[in-house]
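Here is a short report on one protein chain. Keep the sequence and the model in view while reading.

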Amino acid sequence: MTVEELAAGLKLTANAVRNQIRKLQEANFVVLSGNRPGASKPSNLYSITLEGQVQFSTLYLPVLTEFLEVAEQQCSRKQLVDFITDTGKSLATRYAKPAGTLKDQVNAAARLLKGFGGIVDVQARNGALVLRASGCPLAALTAENSAACRVIEGLLAEYLSASVETCCDLTAAPRCCFEVRR
C-alpha cells in the first residue's frame, strides 16, 4: 500500500504514517516494494516482510504449542527431548560461532539470548558458567511443556560446542538457566 492509502484507511495524517513506516523499516518489519504512478509523481508502495508477518501473527504460538502436545502424545519422552534438542542445534547453525575463551563465548551466547527477548546474566558456579535469565523467551511454551527448554539447550550446546545442561525455573514465572561446561 502507499502512504496515502494507509493514512486514509487508518484515519491518520500521511506524515504520521511515514513516521511509523520509518520505524517499521528500521525493525525490518516493512520494506519499500515498488511504486505506483501518481497524478504528479509516483507513490512508494510498502509491504510487510516475512519477519514482520512473524511478529504480527498470533497463530504461531498456538500452532507450536499444539504441535508439542501432539508430539508428546506420539513420542516417548526421550524421543521428544532428542527431537527438540536437535531442533535447537539446527537453529544454532544460523548464527556464527563465537570465538575466544569459554567465558567470551558464553557472554556472546548471553547476547544472542538477549536478541531473543531474554535478559541474561553470566555467573560462575561450581566450575561452570551459568546463563541465568530474569524471564524466559519461550515462557508461553514452557508453561505447558517443559521440554521446550531443550530447544535453547540444544542451541547453546551447538553454538558453544560445549556441554550444556538445563537448570530452568519452571514455576509460575519461568526463568531460563543453562549450565555450560567444556
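The text below goes from the whole chain to single residues.

This is a predicted model, in which local features need pLDDT of at least 70, side-chain atom pairs count only at pLDDT 80 or more, and totals for chains, interfaces and linings use all residues. Residues are numbered from 1 along each chain as its sequence is written, and side-chain values use heavy atoms, with hydrogens and water left out.

## Overall architecture

The protein chain has eight helices and six strands. Both are DSSP runs numbered from the N terminus: helices are H or I with at least four residues, strands are E with at least two. In sequence order the pattern reads α-α-β-β-α-α-α-α-β-β-α-α-β-β.

How does the radius of gyration of the protein chain stand against that of a compact globule? The chain has 21 Å, while a compact globule of 182 residues would have a value near 16 Å. The radius is taken over C-alpha atoms, and the globule rule is 2.2 Å times the number of residues to the power 0.38. The C-alpha trace spans about 70 × 40 × 30 Å along its principal axes.

Of the 182 residues, 34% are buried. Buried means under 20% relative accessible area, exposed means over 50%, and partly exposed lies in between (1.4 Å probe, protein chains only). The accessible surface comes to about 11100 Å², and carbon and sulfur atoms hold 55% of it. These areas come from the Shrake-Rupley method with a 1.4 Å probe; for residues, only the protein chains shown count as cover.

Contacts are heavy atoms within 4.5 Å. Among contacts between residues at least 6 apart in sequence, 47% join residues at least 24 apart.

## The β1-β2 hairpin

Strands β1 (residues 30-36) and β2 (residues 43-48) are antiparallel and share six bridges. Strands count as paired if DSSP finds at least two bridges between them. The two form a hairpin, with six residues between them. Leu 32 stands opposite Tyr 46 in β2. Arg 36 has Ser 43 of β2 as its bridge partner.

The loops next to these strands also meet. Thr 49 lies in the loop between β2 and α3 (50-56). Buried or exposed? Thr 49 counts as buried because its relative accessibility is 13%. Beyond its neighbours within four places in sequence, Thr 49 contacts Asn 28, Phe 29, Val 30 and Val 31. Thr 49 and Asn 28 are 21 residues apart in sequence, yet their C-alpha atoms are 6.9 Å apart.

## Two asparagines with positive phi

Most residues other than glycine have a negative phi. Two asparagines have a positive value here.

| Residue | Phi |
|---|---|
| Asn 28 | about 65 degrees |
| Asn 126 | about 50 degrees |

Asn 28 sits in the loop between α2 (14-26) and β1. Its relative accessibility is 39%, so Asn 28 counts as partly exposed. Asn 126 is in the loop between β3 (120-125) and β4 (128-133). Asn 126 is exposed, at a relative accessible area of 66%.

## Thr 166 in β5

Thr 166 belongs to strand β5 (residues 163-166). Which residues does Thr 166 touch, not counting those up to four places away in sequence? They are Cys 149, Arg 150, Glu 153, Cys 177 and Phe 178. Thr 65 lies 101 residues from Thr 166 along the chain, and their C-alpha atoms are separated by 20 Å.
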